[in-house]
Amino acid sequence: TIEKETFSFQTEVGQLLEIVAGSLYSNREVFLRELVSNASDACDKLRYAALTDSSLAPAQDLAITLEIDAKAKTLSVSDNGVGMNHADLLETLGTIAKSGTSAFIEALKSEQKDAPGLIGQFGVGFYSAFMVASQVDVVTRKAGETEAWLWSSDGKGSFTIEPAQREASGTTVILHLKKDAKEFAEEARIRHIIKTYSEHISFPVKLGDETLNAAEALWTRPAKDITDEQYNEFYRYSAHAFDAPWHVMHNKVEGALNHTSLLFVPTVRPFDLFDAERKSHVKLYVNRVFISETTTDLVPAYLRFLRGVVDSQDLSLNVSREMLQTDPKLAKIKTQVTKKVLSELKKKAAKAPDEYAKFWDNFGAVLKEGLVEDPSMRDRILEVCRFTSTGADALTSLAGYAERMKEGQEAIFYIAGENAAKLAQSPHIEGFKAKGVEVLLLSDHVDEFWLQHITEFDGKPLKSITRGAADLDQIKADEAKSEEKTEEADLSALIAAIKVELGETVKDVRPSKRLTDSPVCLIADEGDMDVNLERLLKRHGQ
Ligand code: ADP
Ligand code: MG
């Protein structure tokens with residue numbers, strides 16, 4: 001017989017718990033959202049598992065039940081979802097730190113943000129229970145298995161697991177409330193917290209016998225019947241977010257391939273945006289049954305800032321997740337969703353350029369990955385790209401730049417490097433500035449990569465000003481800036497002397513019109529690799 005075992009929390013989890021348990025936060029009620037969200041996920045998982053294994057089908061309708069014991073000062077959240085076995089408990093509740101754990105600790109340290117606002121986003125929502133509880137018990141039984149387990153911890157470095165009893169599969173999380181958190185043993189308080197977001201949970205949420213929500217998927221309702229506040233709450237609940245969405249897109253597509261999408265662009269940059277995994281966060285549902293979340297078969301990686309759901313009744317429910325993901329119908333939905341999102345962004349960019357600038361600042365670098373990865377959408381993506389330019393106060397599109405090109409200017413000029421402010425000071429730019437010719441300042445890493453694929457816009461070549469000769473002579477200068485005619489000095493003796501001095505280290509030394517104040521600058525030869533790209537590749541060891 002197995003007895004009670006004690007385990008230490010993984011180091012980072014222990015640190016996280018110390019922070020979470022040790023501080024007083026104003027938004028502590030977030031713990032309830034996180035626990036209910038886990039219960040709902042567990043119901044989703046069981047419903048999905050039962051599709052392919054009918055023996056797993058729950059005996060009773062899937063639901064989430066809250067119970068208060070006012071005397072004992074406990075609050076419990078139960079579900080009859082998928083449950084956990086011994087191994088699951090060990091892995092998910094304590095001994096393995098998820099990638100979000102350290103990111104969460106870092107974010108708390110650096111940004112001094114409040115823990116409740118962040119915790120769910122980092123995928124460590126369960127531990128928020130320790131904001132209000134001095135002890136947490138989890139009684140759980142995995143669907144398809146007979147043993148049940150009790151996980152228990154006071155959040156101070158260790159937890160225990162021991163055999164327990166549970167009639168059916170599912171999980172009950174029991175919170176022994178801290179002295180200063182007794183308010184969460186009051187029915188009115190709990191009802192109020194749950195009401196604000198329970199509407200978006202597709203399973204009934206019950207407080208005792210009373211069902212608090214309609215348990216209807218929000219996205220299935222007509223857009224005209226949904227208020228902004230309801231959209232916002234749904235976003236916060238499903239994305240574990242604290243901001244209001246920057247943009248909401250709710251679309252129903254009817255026709256050969258029916259699908260509904262409810263997608264959000266966040267106002268704040270999610271923490272995992274630049275993780276190597278490039279995880280998607282749009283949930284795929286088939287006829288309101290949750291299928292999967294992190295699939296890039298639904299939304300391309302360059303739109304990974306999106307949150308929300310896509311639901312289609314025209315996909316097959318009776319196939320495995322893997323088979324579904326290679327379904328050509330899903331690929332079609334992906335194309336339609338991508339086009340729709342890009343066209344919405346285009347509209348926003350035209351209608352509200354200042355607001356769009358905020359979006360661009362957050363997610364532009366991600367979106368530009370699509371220029372490299374998705375040739376089929378390249379033109380649409382390029383339309384919504386914005387750039388810092390020496391000529392414009394605000395961000396500009398390539399089309400905007402093209403409109404402002406000088407007489408005789410044949411190329412779109414750019415300089416790529418580490419940061420826009422530094423680039424603006426670069427000696428390479430001097431001659432262009434003097435002539436009033438705009439130069440795009442490209443400072444995202446990804447810029448060098450798409451510039452390998454896109455070499456012209458609207459018939460005009462994109463040209464790096466750190467490469468090759470600058471053909472500034474053909475360009476007419478602004479009236480005000482018209483050059484004083486100076487005698488062309490004979491520089492051949494000077495150049496010869498410099499060549500002798502530098503020898504093999506340079507390919508050539510040339511006089512140039514691009515400089516006005518600085519005496520000299522480095523450029524790459526036409527056809528050679530751009531100076532910045534060379535630097536980037538060297539840094540990555542290539
Ligand atoms: P996330 O929900 O983002 O994965 P959490 O910290 O909220 O992060 O939960 C951690 C994990 O614990 C979940 O991914 C799940 O595997 C497990 N878990 C938590 N609550 C439940 C539950 N009620 N039923 C089944 N598994 C659960
Ligand atoms: Mg969770």
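Predicted model: local features only at pLDDT ≥ 70, side-chain atom pairs only at ≥ 80, totals over all residues.
Modeller: The expected span of a helix is 1.5 Å times one less than its number of residues.

Colleague: What makes the span of H6 close to the expected one?

Modeller: H6 covers residues 187–198, which is 12 residues. From first C-alpha to last it reaches 15 Å, against the 16 Å expected. Those values are close.

Colleague: Which residues of H6 are buried?

Modeller: Ile190, Ile194, Tyr197 and Ser198. Buried calls for 20 or more other C-beta atoms within 10 Å.

Colleague: How do you know that the buried residues of H6 line one face of the helix?

Modeller: Look down the helix axis. The buried residues fall within an arc of 95°, so they line one face of H6. Ala188 and His192, on the other side, are exposed.

Colleague: What covers the buried residues of H6?

Modeller: The cover includes two helices, H2 and H7 (228–239). It also includes strands S2 (64–69), S3 (74–79) and S8 (205–207).

Colleague: Which strand order does the open sheet have?

Modeller: Its 9 strands run in the order S1-S6-S5-S4-S7-S3-S2-S8-S9, with mixed pairing.

Colleague: Why is one side of S1 and of S9 left without a neighbour in that sheet?

Modeller: Strands S1 (5–8) and S9 (210–211) stand at the edges. Each has a single partner strand, so one side of each has no neighbour in the sheet.

Colleague: How many bridges pair S5 with S6, and in which sense?

Modeller: S5 (residues 148–153) and S6 (residues 158–164) pair over 6 bridges, antiparallel. Two bridges are enough to call strands paired. Within this pair, Ser152 stands opposite Thr160 of S6.

Colleague: Which strands pair with S14, parallel or antiparallel?

Modeller: S11 joins S14 through 5 bridges and runs antiparallel. S12 joins S14 through 5 bridges too, but runs parallel. Val310 is a handy landmark. Ser261 has Val310 as its bridge partner in S14, and Leu284 stands opposite Val310 as well.

Colleague: Where is Asp272 found?

Modeller: In the loop between strand S11 (259–265) and strand S12 (282–286).

Colleague: Why is Asp272 called partly exposed?

Modeller: Its count is 18 other C-beta atoms within 10 Å. Exposed means 12 or fewer and buried means 20 or more, so 18 falls in between. Asp272 is therefore partly exposed.

Colleague: Which residues come nearest to ligand 1?

Modeller: Of the 17 residues around ligand 1, Asn38, Ala42, Gly123, Gly125 and Phe126 come nearest.

Colleague: Which helix gives the largest share of that shell?

Modeller: H2, with 5 residues. Helices H2 (30–52) and H3 (86–95) each supply at least two. By class, the shell has 7 nonpolar, 7 polar and 3 charged residues.

Colleague: How many helices and strands does the protein have?

Modeller: There are 18 helices and 19 strands. Buried residues make up 36% of the 542 residues. The C-alpha atoms fill a box of roughly 95 × 55 × 40 Å along the principal axes.

Conventions: Residues numbered from 1 in each chain as written. Chains lettered and ligands numbered in written order. Near = placed C-beta within 6 Å. Helix = DSSP H or I, 4+ residues; strand = E, 2+ residues; numbered from the N terminus. Nonpolar A, V, L, I, M, F, W, Y, C, P; charged D, E, K, R; others polar. Arc of directions from axis to C-beta. Contact = placed C-beta atoms within 7 Å.
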